[in-house]
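Here is a briefing on a pocket and a helix pair. The structure comes first, then the points by topic.

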Amino acid sequence: MYQIFINEKPLHLLRHKKTEARRGHVVLHDPQLKALLQWARKLEEDDSLQAVYAVCRDPKLLFESYAAEHKNIDAAGGIVVQGDKLLFIKRFGKWDLPKGKLEKGEATEKAALREVEEECGINQLQLGKFIATTYHTYDFQGRRALKHSHWYEMQTDFQGELLPQTEEGITEVQWINRHELEEVFGNTYASISALLNTYLTTD
């Protein structure tokens, strides 16, 4: 299954959907790419539309066709763990996880570590397991872009001062106990909420 966030609302590409559609949720059966793109635009523009499910035989193939209509941008970041605490940044007033774009020829693992270090002023990171890739769309230089963000778990014993990378719009870096994440879930991006739910339920 693929989950693409468009204006904070999900476009799901999947093989099966057992439950019936509810108000604001639309189910498409074997949609052509043109129809999928049209519904993606509706997700962006129609406030009453909350989610679209594209049920198809080959979600990977449909995703690749959808991605080909966009400028694809790869990024990488991490969920940094220290005991029962997770590391968060606040960027443009919202809680977020540290991540950034890959440099040319850079491996995702290396980029993830570099971006976390740069954005949080942290070191002594140990790379752990791959968690997931999230997808969201946005406008980039006059074209629709699809960002592929690759996420890894990281561990650290770092006890120094955390330093937000202010030139990237980051105003806070903070450790938050995993059992006290209500504020984060109440003020973050839909893709980050989905990632955290995946991580916390499989950890």
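Strand 8 (99–101), helix 3 (108–120), strand 9 (125–140), strand 10 (143–156) and helix 5 (190–202) each give at least two residues to the lining of the largest pocket. This is a predicted model: local features need pLDDT of at least 70, side-chain atom pairs count only at pLDDT 80 or more, and totals for chains, interfaces and linings use all residues. Residues are numbered from 1 along each chain as its sequence is written, and side-chain values use heavy atoms, without hydrogens and water.

**Largest pocket**
- Its volume is about 590 Å³.
- Of the 27 lining residues, D96, K99, H136, Y138 and K147 are the closest to the centre.
- Strand 9 supplies the largest share of the lining, 5 residues.
- The lining has 12 charged, 8 polar and 7 nonpolar residues.

**Helix 1 and helix 2**
- The axes of helix 1 (residues 33–45) and helix 2 (residues 59–67) come within 10 Å and cross at roughly 65°.
- Helix 1 is therefore roughly perpendicular to helix 2 (65 to 115 degrees).
- The crossing of helix 1 past helix 2 is right-handed.
- L33, L36, L37 and A40 in helix 1 meet L62, S65 and Y66 in helix 2 (heavy atoms within 4.5 Å).
- By class, this contact of helix 1 with helix 2 has 6 nonpolar, 1 polar and no charged residues.

**Terms**
- A pocket is an open set of points on a 1 Å grid over the protein atoms alone, where a 1.4 Å probe fits, with protein on both sides within 12 Å along at least five of seven lines; lining residues have an atom within 4 Å of a point.
- Helices are DSSP runs of H or I with at least four residues, and strands are runs of E with at least two.

Technical notes
Grid points are joined across faces, edges and corners, and a volume is the space filled by probe spheres set on the points. Ala, Val, Leu, Ile, Met, Phe, Trp, Tyr, Cys and Pro count as nonpolar, Asp, Glu, Lys and Arg as charged, and the others, Gly among them, as polar. Axes are lines fitted to C-alpha atoms, for helices over the stretch in contact, and angles run from 0 to 180 degrees between N-to-C directions. Angles under 35 degrees count as roughly parallel, over 145 as roughly antiparallel, 65 to 115 as roughly perpendicular and the rest as oblique. A crossing is left-handed if the near helix is turned anticlockwise from the far one by less than a right angle, and right-handed if clockwise.
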